[in-house]
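Hello,

Here is the structure I promised to pass on to you. Have a look at it first, and then read my notes below.

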Amino acid sequence: MNYKIPRGTYDILPKDSAKWQYVQRIFRETAASFGYEEICTPIFEMAELFERSSGESSDVVQKEMYRFQDQKGRDFALRPEGTAPVVRSFVENHLDLQGGRHKFYYIGPMFRYDRPQKGRYRQFYQYGIELIGSNHPFFDAEVISLEMQFLKALGLKKIRLEINSVGCAECSSDYDAALQDYYRPHLAELCPDCQKRYEKKPRRLLDCKVPSCKVLRQDAPSQLDYLDAPCRDHFAQVQSYLNDMQIDYKINPAIVRGLDYYTNTAFEIIVDDLGAQNSLAGGGRYNGLIAAIGGKDTPAIGFAGGFERLLLAMQNEGISTAEPLKPQIYIIGIGEAAQKVVIQLLSQLRNRGIYAEYNPDKSSFKAQIKAANAMGAAYAGIIGEDELSSGMISLKDLASGEQSTVDPSDLPNLLIESKNKESNNL
Ligand code: AMP
């Protein structure tokens with residue numbers, strides 16, 4: 001039996017893991033510079049949580065959720081997205097009763113049963129933030145600026161920000177009515193899913209990927225013409241803050257969210273050369289969600305992005321990430337007697353956080369030096385008969401070929417200094 005990885009998933013092999021660590025580190029650093037702290041929630045939750053938050057009729061719940069019953073018949077789902085679990089935790093831990101602003105970020109795998117293709121997987125890794133506790137338009141702009149700052153820190157240039165306002169529960173009902181008026185004469189031309197959406201959530205018609213529905217959408221009325229005065233003002237202020245932050249954007253009325261608790265700002269970051277899966281990150285305000293899942297009515301905004309598409313976009317722009325891990329020193333012991341000293345030295349160095357390699361499989365000096373060079377080690381530390389009797393170590397700089405004799409107690413500091421010098425020169 002040959003075991004195969006499940007379709008739509010992938011392994012991150014050691015040769016690639018440095019890249020993943022790098023983008024995650026930059027995201028954590030960016031989030032921290034905006035005052036966000038990490039929240040970790042379980043990978044599975046009650047399926048009902050997602051039915052409530054994404055909507056029972058949504059594609060995520062209807063078609064994409066990995067749903068299962070546990071041994072006691074409880075209905076669970078692997079999380080398809082990160083916001084509902086954060087909101088569930090926020091309410092369950094009574095943070096809604098504390099008032100004030102709460103800033104969370106998360107990183108982790110999400111699961112959707114979708115048709116796998118480039119940039120679309122069944123298990124994929126998202127990063128995201130949630131700012132809970134303010135309806136001020138400044139924070140809409142600030143949340144967007146965090147994502148833009150992150151992408152800038154990675155060196156991405158070919159990205160576009162598109163924004164929209166989906167209004168509030170009050171003004172969007174006028175818009176739903178206008179959409180139904182527009183689509184009524186075209187009902188027969190809609191796909192079966194959209195025919196259902198027409199009754200339940202007309203705004204979802206704008207999100208359909210079926211080509212004939214996409215054509216009809218072009219002449220549909222725009223949500224922006226139906227915003228009430230407070231929503232219009234909110235949207236104008238978000239734009240004004242984005243202008244002050246010198247963030248370029250385009251207004252795109254086609255960015256929609258189909259549920260009532262999504263309010264006001266919605267946004268998306270697009271990378272053109274990613275092909276069909278060109279959305280790098282998306283987010284928006286969800287002022288009604290916390291109350292919808294049983295918490296105290298609290299406004300909130302957030303976004304989520306996908307690491308796979310991020311890494312693809314970086315690759316397309318020729319942005320190199322992290323160097324593979326290289327030993328700072330490769331220790332070579334010559335002869336049986338050296339072995340003990342080598343082992344002591346290894347743990348001494350590793351205790352100081354220095355990456356030291358040793359391979360007792362390789363016997364000859366020549367083979368060991370070759371291995372040290374192949375691994376890209378900065379130095380070789382040689383312990384043979386002479387060194388054993390003098391209590392010193394021969395240190396060979398593998399780049400210059402220079403060799404010196406050092407006291408083992410000086411070795412850690414010497415290696416740390418040389419590493420610092422090297423990173424300052426980068
Ligand atoms: P969403 O939660 O659907 O708003 O998606 C937010 C971001 O997550 C997208 O812009 C993508 O970068 C990423 N994403 C969503 N679904 C997938 C998937 N199936 N595979 C890979 N990345 C995804």
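This is a predicted model: local features need pLDDT of at least 70, side-chain atom pairs count only at pLDDT 80 or more; totals for chains, interfaces and linings use all residues.

Leu78 touches Ile43, Phe44, Met65, Tyr66, Phe68 and Phe111, leaving aside residues up to four places away in sequence; touching, or contact, means heavy atoms within 4.5 Å. Leu78 sits in strand S4 (residues 75–78). Strands (E, at least two residues) and helices (H or I, at least four) are DSSP runs, numbered from the N terminus. Pro42 is 36 residues from Leu78 in sequence, while their C-alpha atoms are 8.9 Å apart in space.

Residues are numbered from 1 along each chain as its sequence is written, and side-chain values use heavy atoms, with hydrogens and water left out.

Next, please look at helix H4 (residues 83–92). Nine of its ten residues are buried, so H4 is largely enclosed by the rest of the structure. Among the buried ones are Thr83, Arg88 and Phe90. The buried residues of H4 pack against strand S2 (44–46), helix H2 (47–54), strand S5 (102–111), S6 and helix H10 (289–292). After H4 comes His94, with a positive phi near 60°.

Now for the ligand. Which residues come nearest to the ligand? Of the 13 around it, they are Arg112, Tyr121, Gln126, Ser279 and Leu280; a residue counts as near if one of its heavy atoms lies within 4 Å. Strand S6 (123–132), strand S10 (279–285) and strand S11 (300–306) each give at least two residues to this shell.

A backbone N or O atom of Ser279 lies 2.9 Å from a ligand oxygen, and for a polar backbone atom of Gly306 the distance is 3.1 Å. The protein covers 84% of the 480 Å² of accessible area that the ligand has on its own, by the Shrake-Rupley method with a 1.4 Å probe.

Enjoy exploring!

Definitions and conventions:
A polar contact is a pair of N or O atoms within 3.5 Å; within protein, one must be able to donate a hydrogen and the other to accept it, and residues adjacent in sequence count only if both atoms are side-chain atoms. Buried means under 20% relative accessible area, exposed over 50%, partly exposed in between (1.4 Å probe, protein chains only).
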